[in-house]
Amino acid sequence: MNALLGLSRVIDAVSERIGRFVYWLLLAAVLVSTVNAIVRKAFSVGSNAYLETQWYLFATMFMLGAGYVLLHDQHVRIDVLAGRWSKKTRAWIEVVGLGAVLIPLCLVIAWMSLPSVMMAYTSGEVSANPGGLIRWPLYVLVPIGMCLLALQALSELIKEIAFLSGRGEDPHAVHEPTPEEILLEEMRREAQAQAAAATPGARS
């Protein structure tokens with residue numbers, strides 16, 4: 001079990017690094033969107049490549065960041081039910097869900113996506129939009145993202161089993177927020193405050 005927990009820590013570290021990289025992709029997407037809007041409105045210059053770059057970046061964030069979200073336990077849960085169960089019951093449900101559903105599903109999707117990736121790469125598939133981008137880098141995100149998510153799911157499975165065997169702590173215990181999570185929470189609160197100040201009812 002110690003070796004498996006060591007593997008889990010390595011996987012967690014990889015997911016953490018990738019997640020921090022994805023933060024920068026968010027900034028890049030915002031900058032591309034801003035520049036695209038400025039040059040289109042001010043100089044009447046536009047390109048489908050700019051628009052497609054935005055959703056390429058979004059797709060990259062979504063696919064590469066899935067494992068990071070799972071690492072930090074931020075995916076959607078049915079808390080109405082889970083809140084009534086004991087920690088061990090929730091852990092057993094996690095073991096079944098991760099081992100019998102999530103990991104196999106990720107591997108199947110990754111495997112089934114490979115022919116499309118190879119076809120797009122060998123054919124040099126390009127977007128049908130004028131000035132559009134090549135497509136294979138977008139397709140390759142599917143198997144990579146699914147493999148990363150499967151690896152993180154394996155790490156979570158190891159931690160759940162360790163908890164059930166008494167060799168690890170509860171993976172869902174509340175921990176101190178990371179600096180990134182604190183920053184995101186502050187940005188969320190500021191955006192809510194600005195939205196409330198902009199509504200007519202808030203000024204009266």
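**Confidence.** I started with pLDDT (the predictor's confidence in each residue, from 0 to 100). The chain averages 83, and 86% of the residues score at least 70. This is a predicted model, so I kept to its rules: local features need pLDDT of at least 70, side-chain atom pairs count only at pLDDT 80 or more, and totals for chains, interfaces and linings use all residues. Residues are numbered from 1 along each chain as its sequence is written, and side-chain values use heavy atoms, with hydrogens and water left out.

Next I looked up the elements; helices (H or I, at least four residues) and strands (E, at least two) are DSSP runs, numbered from the N terminus. Helix 8 (residues 200-203) has the lowest mean pLDDT of them, 52, while helix 6 has the highest, 92. Where pLDDT is low, the predicted coordinates should not be read in detail.

**Helix 6.** I picked this one to follow up. Helix 6 covers residues 141-164, 24 residues in total. From first C-alpha to last it reaches 34 Å, close to the expected 34 Å (1.5 Å times one less than its number of residues). Of its 24 residues, 18 are buried, so helix 6 is largely enclosed by the rest of the structure. My cut-offs for that: buried is under 20% relative accessible area, exposed over 50%, partly exposed in between (1.4 Å probe, protein chains only). Just after the helix, I found Gly166 with a positive phi of about 80°.

**Ser155.** This residue sits in helix 6. Its relative accessibility is 0%, so I filed Ser155 as buried. Leaving out residues up to four places away in sequence, Ser155 touches Ser8, Ile11 and Asp12; contact means heavy atoms within 4.5 Å.

**Core.** Which residues have the most contacts inside the largest nonpolar core? They are Leu64, Leu141 and Met146, in a core of 27 residues. Helices 1 (2-43), 2 (48-71), 4 (87-123) and 6 each supply at least two residues of this core, and the largest share, 9 residues, comes from helix 6. A nonpolar core here is a set of buried Ala, Val, Leu, Ile, Met, Phe, Trp, Tyr and Cys residues joined through side-chain atoms within 4.5 Å.

**Cysteines.** I searched the whole structure for disulfides (cysteine sulfur pairs within 2.5 Å) and got 0. The sulfur of Cys106 is 8.5 Å from the closest cysteine sulfur, in Cys147, which is too far for a bond. Cys106 is buried at 2% relative accessibility, whereas Cys147 is partly exposed at 37%.
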